[in-house]
Amino acid sequence: MRFLFELARAAASRPARKLAARALALGLCAAGSETLARPLTLADLLACQRVSEPVPSPDGRWIAHVVGVVDREANGSNTDIWLLPMGGGEPRQLTRSPKHDRHPTWSPDSKYLAFESNRDGAFQIYTIAVDGGEARRVTRISTEANQPVWSPDGAHLAFVSAVFPEFSEQPYADADRLNQARLDEREKSKVKGRVITQLLYRHWDSWVDGKRQHLFVVPMKGGEAAGDPRNLTPGDRDAVPTSSTFASGDEFGFSPDGKELTYTATPTPAREEAWKTDHDLWTVELATGQRRQVTSNPAADGCPRYSPDGRWLAYRKQERAGFEADRWQVVLWNRQTKESRSLTASWDRSVDSIAWTPDSQTLVVEAEEGGVKPVWRLALDGSAPVKLVDSGSCGESSVSADGAAVIFSHTTLTRPAELYRVPLAGGVMTPLTRLNAGLLAPITHGSLESVSVPGAGGTPIQMWILKPPGFDANRKWPLVFWVHGGPQGAFLDSWSYRWNAALWAAQGYVLALPNPRGSTGFGQKFTDEISGDWGGKVFEDLMACLGWLERQSYVDTARMASAGASFGGYMMNWFQGHTDKFKTLITHCGVYNFETMYGTTEELWFDEWDHGIPWENPKFGEFSPHRFAAKFKTPQLVIHNELDFRVPIAQGLDLFTVLQRKGIPSKLLYFPDEGHWVLKPQNSELWHTTVFEWLKEYLKP
């Protein structure tokens, strides 16, 4: 029984024991017996096992999936691949390396799993027999390999590698030797300067260094490589976009006969790819290497998925060029007639992932709706989508080999992800894993409520309210008011390991999570209404939500704080010059100065759509917080990270300098080794300790 097995494994976990001891030292664990009901602690959060990437086997017997655990001493995490019987039973751990084994993909005969791993240093592709034995290394490419996908005929494995394009036309051995020499030269040189000739030279937290993400195939036999890899997409163009902004799983896929791959190519000319979203689908024949363009939509296309019968290619498309948050529609392309049609043109929801049923008659998709993310069944006849799961947040959906069930991960604001199945025909979802049931059994949460508040112009604004454990409506409670990032994003009924609502509420705060203008899942018009208006209707929406909270008898209006990251961090900086309702503000990697942000961020299409081009739009900086620094007076905690290339470090330093110069109580928490998020466990401990101590200081009675 998986519940008992995982309970025993969690209890025996060395990281879990050490994290619990560390949390006690930090004063984050509740006093008393561990068997008594208690609030969630940081130790609990870090000790949770993180399940992801469920993949049913072609023979219908197994579900491969990834389980991750935090390794605090190494200041990182470890992921391994497990097998779960489709019909129920005890799970089995398949890989045991101390590093990352992930992204499993099945061979068509269900005898082997291919996966990516950095067990030997750099990421490479490995295979392992399902019946057991040691993993076998498939690739030894100098530029690393990831995202393995097995061809339906079993003859090839495709993978992605970021190579220097100037060598990509040469035979594999020569190109790999030249790539290795270039990398060695850079590593050994005492000169670390870079010569950059075009934009999108870095992304999120990594330097691109002039490389291109190309698709390779390696011949396979008996679970082993039967020859050298071959580059199918040579040239100065990505076959899988460097930017992950538009990705929804693998951005390439094999045809059912294994003769071709469809992939997502980046915009041309290359110098314009930092401000264009024109991603198109292309096919490449394995035998000849011939490439053909499938789509010519000026906006983004992606996520190609062949129907099992080979008749259709389903994919996602946007209609407005340059807008990363445009609605994603599902399109069917007839491979014979070359005609295409949108299946969701009249459905005002943005589709995330796409999966086919084995009979090629139905698609399974995910799409946000009103603060949750359901799984939907989508027929090819264009009829209305059917909701299969309507609570919490679903992800990574796939269909069982017999077509009877959908396998997916599911999470809520108070429960981490576990794997579930639901009948394709509809019905009750059934848990497949309970990895954290034992660990979280003594944990108690406050109640979760969804309310609707009239925002700007009377438009309804949905807001989650999570109350602290032991909540008493007859008491006055301090309030923490979150603002989400994006800004085209949403607070979903979903667990997070970075900003965990349950952990914040466990500190004794009423936590409010509003979804104002710009939020996704409430219709495209609602999402659109933040563009060019960052401090307008969205600010009115947020103040309306705050006003509603102030009228609740249990909210202590003298003890209110606000916090946010990215756009949420921007809004903290906007609050500084436009409201004095909060005792303190916490801004994580937030935009402060529009002018300097434009010139230092990497994906210009975002800035240009939402604000325009600085030298063309006289109102470009209208909603830039730095223009209102004279009004700043609220104590503020500023968090920013050196490797954040999306909202570069100068935004946080600029803000902190102004706060200090004006004599406003403020603190800067700086991480030299983190990007837009804080991911390392020990850094996360410092982040949480600093944040909670800051809140405690300003929200104490």
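In which sense do strand β25 (residues 362-367) and strand β26 (residues 375-379) pair, and over how many bridges?

Analyst: The model is predicted, so local features need pLDDT of at least 70 and side-chain atom pairs count only at pLDDT 80 or more, while totals for chains, interfaces and linings use all residues. Residues are numbered from 1 along each chain as its sequence is written, and side-chain values use heavy atoms, with hydrogens and water left out.

Strands β25 and β26 pair in the antiparallel sense over 5 bridges. Strands are DSSP runs of E with at least two residues, helices are runs of H or I with at least four, and both are numbered from the N terminus; two strands pair if DSSP finds at least two bridges between them. Within this pair, leucine 363 has leucine 378 of β26 as its bridge partner. The two strands belong to an open sheet of 4 strands, ordered β24-β25-β26-β27 with antiparallel pairing. Its edges are β24 (351-356) and β27 (386-389), each of which pairs on one side only. On average, neighbouring strands of this sheet are turned by 30° against each other, direction ignored; axes are lines fitted to C-alpha atoms, for helices over the stretch in contact, and angles between N-to-C directions run from 0 to 180 degrees.

Parallel pairing is found elsewhere in the chain. Strand β37 (residues 584-588) pairs in the parallel sense with β36 (residues 555-565) over 5 bridges, and with β38 (residues 636-641) over 4 bridges. Of the 5 residues of β37, 5 are buried, meaning under 20% relative accessible area, with over 50% counted as exposed and values in between as partly exposed (1.4 Å probe, protein chains only). Thr584, Ile586 and His588 point one way from β37, and Leu585 and Thr587 the other way.

The axes of α9 and helix α8 (residues 537-550) come within 12 Å and cross at roughly 80°. These helices are therefore roughly perpendicular, the class for 65 to 115 degrees (under 35 is roughly parallel, over 145 roughly antiparallel, the rest oblique). Val538, Phe539, Leu542 and Met543 of α8 meet Phe567, Met571, Trp574 and Phe575 of α9, where contact means heavy atoms within 4.5 Å.
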